[in-house]
Amino acid sequence: MPLVSAGMELKQLETFLVVARHLHFTRAARELGYVQSSVTAHIKALEAELGVALFERLGRRVTLTEPGRELCGHARALLGQAEQAREAVRDAGEDPHQVRGTLRVAAPESLCAYHLPPVLRAMRTRFPLLRLAFQPAGRGPLLDALAEGTLDAGFLQEEAVDSPGVRAERMRRELLRLVCRPEHPLAGKPLVSTAELAGETVLLLEPGCVQRVVMERELSRAGLSPQTIEFFSLKALRRCAAAGLGVGLAPASSVDEEIARGELAVLPWEHEPVLDIFFVRHAARAMTPAVRELAGLARELWSEAEPRT
């Protein structure tokens with residue numbers, strides 16, 4: 001039985017890829033904006049059309065079958081081709097002020113809150129009829145969505161972006177600050193070594209976040225394994241640092257206001273980590289006028305505020 005068929009619908013394939021990424025029907029429904037029964041119906045219809053089971057349900061766990069794993073690559077290719085066709089037709093001869101449709105963009109939490117609002121505001125002015133669908137996403141989900149064709153472009157805050165099929169352009173730097181409550185004993189020192197963090201509680205973001213990668217790497221280099229607390233929100237990490245629970249690493253732009261208000265202090269750490277903010281898109285897809293303008297606006301607006309180390 002072939003794994004592609006004229007009876008398959010693009011919405012079913014999109015649903016399949018999101019479920020395959022999450023391996024969870026409820027989370028997939030939440031991302032897609034569907035009720036869970038619709039997600040289940042899409043998958044059942046696809047399985048009936050192909051004559052194979054795409055997922056195995058082992059208690060509460062969901063896993064891909066071998067045909068399901070095989071379908072992933074074909075589904076991404078089909079959705080990518082369909083999107084390119086839509087873009088080519090939609091944008092042919094269009095004036096920017098008349099461009100309609102949806103531009104789907106994603107970025108990590110700190111970029112959403114502190115860097116992207118002026119870029120998105122400028123996009124609304126440039127393309128007043130274009131709908132902007134914006135969502136927060138970490139590195140893994142964002143790159144997966146680009147590969148699946150469910151995302152047009154994204155921004156990442158990383159040391160480097162080296163992912164097959166992804167084109168990344170560096171837009172600006174982002175300094176990382178080691179912060180704590182102002183009354184912390186280390187806050188008054190002219191220089192803080194990594195070794196001096198041995199007795200501290202280190203506040204970390206969830207696994208995979210670049211701030212955590214940088215922090216854990218420096219601790220490992222110093223041979224340290226301090227006590228840690230893990231957070232799934234940058235805002236929660238900042239607030240707990242201000243409350244005296246420990247020291248944490250955060251993008252400078254996300255802590256500037258707390259530092260100005262005297263709620264957080266910057267430790268003069270001997271290590272000065274710097275990240276880059278990248279604009280990322282699918283390398284094989286042609287840039288639409290909206291995607292091209294999004295990159296251009298970010299490049300222009302952020303170059304004026306490039307931080308200095």
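Student: Why are α1 and α2 called oblique to each other?

Tutor: In this predicted model, the axes of α1 (residues 10-22) and α2 (residues 25-32) cross at roughly 130° and come within 8 Å. Angles under 35 degrees count as roughly parallel, over 145 as roughly antiparallel, 65 to 115 as roughly perpendicular and the rest as oblique, so α1 and α2 are oblique.

Student: What makes E14, T15, V18, V19, R21 and H22 in α1 meet residues of α2, and which ones?

Tutor: They meet F25, R27, A28, E31 and L32, where contact means heavy atoms within 4.5 Å.

Student: How do you know that the side chains of E158 and R139 make a polar contact?

Tutor: Their distance is 3.3 Å. A polar contact is a pair of N or O atoms within 3.5 Å, and within protein one must be able to donate a hydrogen and the other to accept it; residues adjacent in sequence count only if both atoms are side-chain atoms.

Student: Which ground rules apply?

Tutor: Local features need pLDDT of at least 70, and side-chain atom pairs count only at pLDDT 80 or more. Residues are numbered from 1 along each chain, and side-chain values use heavy atoms, leaving out hydrogens and water.

How values were computed
Axes fitted to C-alpha atoms, helices over the stretch in contact; angles between N-to-C directions. Helix = DSSP H or I, 4+ residues; strand = E, 2+ residues; numbered from the N terminus.
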